[in-house]
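I opened this model to look up a few local features and note them in order. The entries follow below.

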Amino acid sequence: MSFDSNLLSLLIWLPIVGGAIVSVLGVGNANRARWLALTVSIVVFAVNIPLLTGYDASAGTLQFQESHTWIAAINANYHLGADGIAVALILLTTFTTILVVLGAWDAVHEKVSQYMAAFLVLEGLLVGVFCAMDALLFYVFFEGMLIPMFVIIGIWGGPRRVYATLKFFLYTFFGSIFMLIGLIYLYLHAHSWELADFAALHLSAAEQLWLFFAFLLGFAIKVPMWPVHTWLPDAHVEAPTGGSVILAAIMLKVGGYGFLRFSLPIVPDACQEFAWLMIALSIIAIIYVGYVALVQEDMKKLIAYSSVAHMGFVTLGLFIAIPLLRMGGDAQTAYLGVQGSMVQMVSHGFISAAMFTCVGVLYERMHTRMMRDYGGVVNTMPWFAAFWVLFAMANCGLPGTSGFVGEFMVILSSFAMNPWIAAGAAFTLIIGAGYSLWLVRRVIWGDVTNERVAKLKDINPREALVLGLFAAGVLFIGVWPEPLTHLMDASIKHIVDQLAVVKI
Amino acid sequence: MNFNLHDLVLLAPEDFLLGATCAILFIDLFLKQSQRALTHWLSIAALLGTLAIVLWENEPATTAFNGAYVHDAVASVLKVFILGIVATVFVFARGYLRDRKLFIGEFYTLMLFSTLGMLLLVSAGNLVMVYLGLELFALSSYALVAIHRDSGVATEAAMKYFVLGALASGLLLYGLSMIYGATGTLDLAQIHKVGGVGVNGLAQHPTLFAFGLVFVVVGIAFKFGAAPFHMWLPDVYEGSPTAVTIFIGSAPKLAAFGMAYRLLEDGLGTLAPHWSQMLAALAALSLIIGNLVAIAQTNIKRMLAYSTISHMGFLLLGLLNATPAGYAAAMFYAICYAIMTTAAFGVILLLARAGFEAEMIDDFKGLNQRNPWYAFIMLLAMFSLAGVPPLWGFFAKLLVLESAINAGFLWLAIIAVVMAVVGCFYYLRVVKVMYFDEPADKSALTLPQDLPLRWLLSVNGVALLVLGVLWGPLIGWCYKAFGL
């Protein structure tokens, strides 16, 4: 076996084994734990280089496939594979993990080895989710990642961390367990857990309906869509900075990715039937949750609600594709919608992670997340303020930042379907600007009214490095999205083409 | 009736265990208290010796003593795990017993006799053997619960166990006699063959046969601890010394599975459409009652007792399919459950010291700060019991759910998963207490220098993770036992 053929396994197991090592060797020596974790995360990121160079983007097929029999008795395979979308998300995961490790350098003092280990294990599981091509394997990673996150929020979280982490765990567990029933049902028909075999099944309209809702419960809670988003603000507010970053940047994407890998290919006809529902929920998320974000006092809550609103674009782009494709027959626009929602996933990964890191930087200094305690931060922390304003602008979709690209593509695509949907979605540009700018105004601008703000020190080089890397990502995708879209292009085409086939 | 010496060879594991137990009983008489460790190690050696014989025995599936004893792959798999788990229990229990002046020969001999009863039970080929095996197991365990003679709670628990257990045995016996009356035979294979028709053209007694089935199912449900026949379980779990609770909570579930398989499939397989409906009702009740009541518990032994009830509901999901795949799933579940429970109770035994039982959930406060490794083992046990992948417990649940859905019990599978979410809550509470709460006493924990306990417990805990990833061979073994 060559190195290349085991690349994905390496990306999954290296961080998990690394995490185990950190948790053993790092006990009682916080610095060693930090350096070890950083080394592991950088090495894992380096393993991405052959992934990126070896990936043939023009083909768009599953590559780097590995398939071994896992459980012969029930035909489950250890089948990994990555297409362009998975490669992009794996890249995002491994990149963000480095920044999380760096971001926690001075911020976490207690049980450092366990903290680092939990994030590394989580990284491995997340990579596993993105490249599992066997439904059982996917489910194992999908659920397995709840364990480290549960511990992360519960140990290093804020005052109401126990409530938040239990809510997070039970809420998401509840959703995915129905998905499990759906997967078992599919297995009993396909006699295999392969996603490709699931997609090849012919299912009646009634079967598709039930499966659609089973998947919807699992993934909608993960995304989260309105009205099952209520765990997210609690989890975000109480989670430590690193937890919020991974939660917003990667874990929410798992929901969108699940829709793309499960709902659309396996039950396309039910997706067509209920596209109106999904579109409606997405628009509600974009407009209503946007308004909710507007009234928040807590910075983290504001960003959490804004995440829900932005994830509305992801689901909108995904589910607008089917009616476009099947009613209008316009493959190009449908494809643009899915492309937009994928770009939005990556872009939101950068922006939300960056904003949570910013809040973390302030919280470390002031130990409050309330906007009223701040004001005039630009006077004491000019560098920090520059980053903050950049990310806020990206959050409201300013052209030239990554936030613009995905949203623009989705709005464009939805216009072809119905101008009113586009109008609703475009409304976010106003609300988003509203809450983002208000956040900036209340925290950054103005005079220093609080003497604790007057004593603030600007970001240190480590924090500048973390924020700088996020900013580089945001600007890179904003100015030149071509490499990212090229990476995912053929794979998305491939998925959208499959959608046109009626399976009943 | 003819006696054949080869029959005794087939019974080699039971022969050996019986001989060894009698020898230990005798040797123990002459030991001073300071030499009691010899009994301990001899007992473990007896179990491991029996285990080796079971593994070694290479006879094809056959019967002995005119069908009274069945030798087949199912029995062998169950015996391997029963013996292994009881040996583990011995290792785990030693320190606990010594601290409480319970380190006595009777504990070991009673356990060994109880184990012998279980071995006979899972190999039973006729109704009398089922009853004999069951009673040998049950009578020994009643005495075990009461082994702490001066403890009021333990005596009360033993009394409850005895009275309710005797009632269950009585019901079972009543059912068995009806089946005998309806079919005219005690032999399970014969019963299966003639169904409700009766041998020698006896008049049909379908009603009697069906009544017999109902009583048999009730008897089995009692032994599993499935609701609504679960009342004895929480009191017995809580009242028994933890060293006995760990035993009652683990291996007997495998024996109960064996008994259910022998009676329901080997004997009453023709009535499967009927009993699978009954089991479905029992499963639904167990899942709901077990999980909901467990939430309110503050005593971890009692909580685990209610969790047992819910797990038995899951096990029944596999059983009610009445197909080889369903039985394999149920057996896999029973094995998994027994090993998970051993790990959970093992941690309780490890933390218990003289005068301190570590049986309240609050006793686990801040364990992660005081001893991260055993907190991690407990975390694995809890997540495994809750059924969160990638731990073993999830895959056991997956298989029984699959089997229930395959049998057309989708509604039951949905109840089961919803209740699994409820169950998650109380398992997570233990994790919460260990990881998120501050300990009352922040000093590092002084653990007993009992290295066999600490090593074996670590292996047991890590096995839940390792078998969660590599459970293929084990399920393959279970499938093979049922001819798949």
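I take helices (H or I, at least four residues) and strands (E, at least two) as DSSP runs, numbered from the N terminus. I am reading a predicted model, in which local features need pLDDT of at least 70, side-chain atom pairs count only at pLDDT 80 or more, and totals for chains, interfaces and linings use all residues. Residues are numbered from 1 along each chain as its sequence is written, and chains are lettered from A and ligands numbered from 1 in the order in which they are written.

I looked up strand β1 (residues 63-71) of chain A and found six bridges to β2(A), the two running antiparallel; strands pair if DSSP finds at least two bridges between them. In this pairing A:E66 stands opposite A:L80. A:N75 sits in the loop between β1 and β2 of chain A, and its phi is near 60°, a positive value in a residue other than glycine.

I call a residue buried if 20 or more other C-beta atoms, placed from the backbone, lie within 10 Å of its own, exposed if 12 or fewer, and partly exposed in between. A:N75 has 17 other C-beta atoms within 10 Å, so A:N75 is partly exposed. Five of the seven residues of strand β2 (residues 76-82) of chain A are buried, so β2(A) is largely enclosed by the rest of the structure.

A:K111 has phi near 50° and is found in the loop between α3 (84-103) and α4 (112-131) of chain A. A:K111 counts as buried because 21 C-beta neighbours are inside 10 Å.

I noted one between A:V223 and A:P224, with omega about -15°. A:P224 is in the loop between α9 (205-222) and α10 (231-238) of chain A. In chain B, the bond from B:A227 to B:P228 is cis, with omega near 5°. Most residues other than glycine have a negative phi, and most peptide bonds are trans.

I counted residues as in contact if their C-beta atoms, placed from the backbone, lie within 7 Å. Chain A gives 28 residues and chain B gives 24 residues. On the side of chain A that touches chain B, the largest share, 15 residues, comes from α7(A).

Methods. Two residues are in contact if their C-beta atoms, placed from the backbone, lie within 7 Å.
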